[in-house]
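Open your viewer and get ready to select residues by chain and number. This tour visits charged side chains, one stop at a time.

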Amino acid sequence: MGKMLSVSELRKVYEVKKTAFSLKKDRIKAVDGVSFELESGKTIGIVGESGSGKSTLARCILLLEEPDEGTITFSGNDLLHMGKHELKRLRKDMQIIFQDPYSSLNPRRKVFDTIAEPLLFHNIIKKKHVKEKVIEIFKKVGLDEDFLDKYPHEMSGGQRQRIAIGRALATNPSLLIADEPVSSLDVSIQAQIVNLFMDIKESTNISMLFVSHDLNIVRFISDEIMVMYSGKVLEMGEKDEVFYRPLHPYTEMLIDSIKGELFKKAKVDTFDFNDGCVYYPRCNSREPICSKEMPHLTGEKEHMVACFLST
Amino acid sequence: MGFADNNRLLNVFDLRTSFSADSFALHAVDNISFYIKKGEIYGLVGESGCGKTITALSIMKLVPPPGEIVGGHIFFEDRDLATLSDRDMEKIRGDRIGMVFQEPMTSLNPVLRVGEQIEETLVAHKNISKEESKSRSIELLRQVGFDKTEKKYLQYPHQLSGGQRQRILIAIAVSCNPSLVIADEPTTALDVATENKILSLLKELVSGYGMSMLFITHNLNIIKRLGQRIGIMYAGRILEQNIVDDFFNEPLHPYSKGLLASIFGIKGNEKRLKAIPGSVPRLSELPTGCKFHPRCSFAMPLCREEEPPIREIGNEKWVRCFLYQN
């Protein structure tokens with residue numbers, strides 16, 4: 001089991017104006033010192049709510065956003081110090097699936113062409129054999145040949161997402177990043193797509209980063225879980241460890257909410273902190289020390305947590 | 001189905017709401033019946049396009065044209081809203097029935113201070129002075145969980161977070177002390193932690209004010225935490241009605257079973273989710289017979305031909321499925 005991807009101290013800061021006219025800018029730390037390693041054939045699930053930085057992290061790894069600091073090593077290559085051509089060659093090995101299958105497919109292009117494009121672009125197959133290959137990919141993602149000549153608007157959300165998955169798998173990548181791939185789909189369709197991901201996982205040796213706000217789906221599909229909040233990793237570890245023995249109050253809250261547990265009485269949010277733990281304002285078990293500094297991620301590789309109260 | 005039952009605050013009976021064009025009509029809500037008891041939270045659950053929002057809009061008589069209520073009754077506090085004039089309906093909306101919408105970002109007026117927006121409803125329905133409406137608004141802000149209420153009263157919507165805006169909308173919805181609040185996916189746009197807080201607030205308010213609530217959502221988990229009774233909607237119909245605890249232990253309709261399996265069927269060592277095959281039909285392409293039969297693993301020849309009638313299973317439980325006919 002080699003390391004497929006290794007990310008170290010990755011940072012991405014956005015500067016935004018405080019109001020439309022002010023000169024002062026706020027610095028928003030979208031990804032704030034994230035490090036992890038993904039072994040080949042494994043899946044890491046990244047959970048967190050909107051604004052937690054999980055999508056930015058995913059996009060930084062593919063260099064769709066340029067990170068400010070840190071290193072990204074993908075099968076031995078330092079992605080941040082590579083030439084354009086080398087990078088293009090590597091691109092076929094790392095693919096992404098976006099959340100919204102309505103906007104991520106070209107509406108004026110038949111879905112056959114959408115899947116054929118990466119095959120031809122990366123010279124994976126000769127033009128005369130491309131149809132067979134596309135049909136093979138269609139089968140893999142559970143669509144039959146009738147769909148070849150359709151346009152995206154003729155298909156349902158679930159079917160479009162299958163096309164997006166097919167397009168990503170076409171180049172036979174070794175790393176697949178899925179950014180909320182089921183959250184725009186109906187409940188009954190979500191399960192179908194999750195099952196498709198499981199099929200892919202079992203039939204190939206692909207490594208995956210599966211980004212979602214839904215812990216239930218992440219738990220089903222991942223080997224490891226990483227919980228993000230406000231650009232930081234709060235907890236990370238093997239999925240059963242994190243799910244059955246959560247150490248961070250935030251993870252606990254997430255798990256309670258999917259179990260359908262009744263609410264515990266929540267403390268009122270506070271904004272009385274500066275350099276403290278990012279979760280301090282909303283934490284139900286906060287202590288004075290938590291408002292002073294951000295705890296580091298500590299513990300064994302199987303289960304790490306950034307919380308003063310669990311160590 | 002007694003209209004005379006005093007315990008029933010809202011009694012929707014055979015409601016049908018259609019969107020018609022020149023040559024055809026689509027029935028977004030097709031002969032649904034359900035009731036809400038006093039002080040109860042009723043969860044109406046379904047996937048997108050099943051007609052749950054149109055049901056809510058029908059009760060409020062706010063269905064956008066060309067949609068219109070073409071049949072049935074909506075009995076509410078001794079009156080049939082389905083036949084009420086626009087003018088009489090205006091007196092009920094906001095006063096007797098409050099509504100919380102899904103999108104807190106767009107349902108507030110961006111150029112009015114939030115205090116004014118709460119007062120607006122109060123002034124429209126209650127015959128009270130400016131000072132009274134202000135002190136009532138500030139009291140409402142406190143009730144929905146704000147602490148610096150005087151300051152909040154003067155703020156504009158863009159100064160508030162999504163969760164805070166939703167609290168404002170809730171304050172507006174309960175401002176006139178309505179007997180029914182309709183909440184249409186009120187937490188869908190919010191994060192998990194904020195969702196928890198909004199849900200506990202709604203629960204508190206319902207018991208505090210003795211209101212009833214129609215809670216519309218696609219998220220079964222929320223109803224598990226919040227509701228007393230549940231209706232499962234699909235293709236414009238309610239396929240099953242059940243008591244929440246019983247529903248989660250033993251759902252009746254194959255669709256309900258499928259929904260639950262695809263969410264809760266995740267036991268530690270299962271390799272696959274039990275997905276419901278196929279996809280939600282479009283209203284323009286509804287199958288014959290039972291609308292769920294093409295996706296149902298128990299479908300029989302009869303299901304293709306006839307639509308199953310409502311079959312009572314027990315007290316307050318019924319299902320539309322031929323599996324339960326004998």
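Strands here are DSSP runs of E at least two residues long, numbered from the N terminus. Keep in mind that this is a predicted model.

**Stop 1**

Select A:Glu238. It sits in strand β10 of chain A, which covers residues 232-238. Is A:Glu238 buried, exposed or partly exposed? Partly exposed: its relative accessible area is 40%.

**Stop 2**

Next come the salt bridges. Side chains of opposite charge can pair when their charged atoms come close. How many salt bridges does the structure hold over all chains? The count is 27.

Select A:Lys3 and A:Glu37. Their side chains meet in a salt bridge, at 3.9 Å from N to O. A:Lys3 belongs to strand β1 (residues 3-17) and A:Glu37 to strand β2 (residues 25-39), both of chain A, so this pair ties together parts 34 residues apart in sequence. A:Lys3 is exposed, at 53% relative accessibility. A:Glu37 is partly exposed, at 34%.

**Stop 2: a network in chain A**

Stay in chain A. Select A:Glu9, A:Arg11, A:Asp32, A:Glu69 and A:Lys232. A network of salt bridges links these residues.

**Stop 3: a pair between two strands of chain B**

Move to chain B. Select B:Arg16 and B:Asp30. A salt bridge joins their side chains, with 2.7 Å from N to O. B:Arg16 lies in strand β1 (residues 8-20) of chain B, and B:Asp30 lies in strand β2 (residues 25-37) of chain B, so the pair connects parts that are 14 residues apart in sequence. B:Arg16 is partly exposed, with a relative accessible area of 26%. B:Asp30 has 8% relative accessibility and counts as buried, because buried means under 20%.

**Stop 4: a buried pair**

Select B:Glu40 and B:Arg229. What do they form? They form a salt bridge, and the closest N and O atoms are 2.8 Å apart. B:Arg229 lies in strand β9 (residues 229-234) of chain B, while B:Glu40 lies in the loop between β2 and β3, so the pair ties together parts that are 189 residues apart in sequence. Are these two residues buried or exposed? Both B:Glu40 and B:Arg229 are buried.

Methods. Residues numbered from 1 in each chain as written. Chains lettered and ligands numbered in written order. Predicted model: local features only at pLDDT ≥ 70, side-chain atom pairs only at ≥ 80, totals over all residues. Heavy atoms only, no water. Helix = DSSP H or I, 4+ residues; strand = E, 2+ residues; numbered from the N terminus. Buried < 20%, exposed > 50% of the residue type's maximum accessible area, 1.4 Å probe, protein only. Salt bridge = Lys/Arg side-chain N within 4 Å of Asp/Glu carboxyl O.
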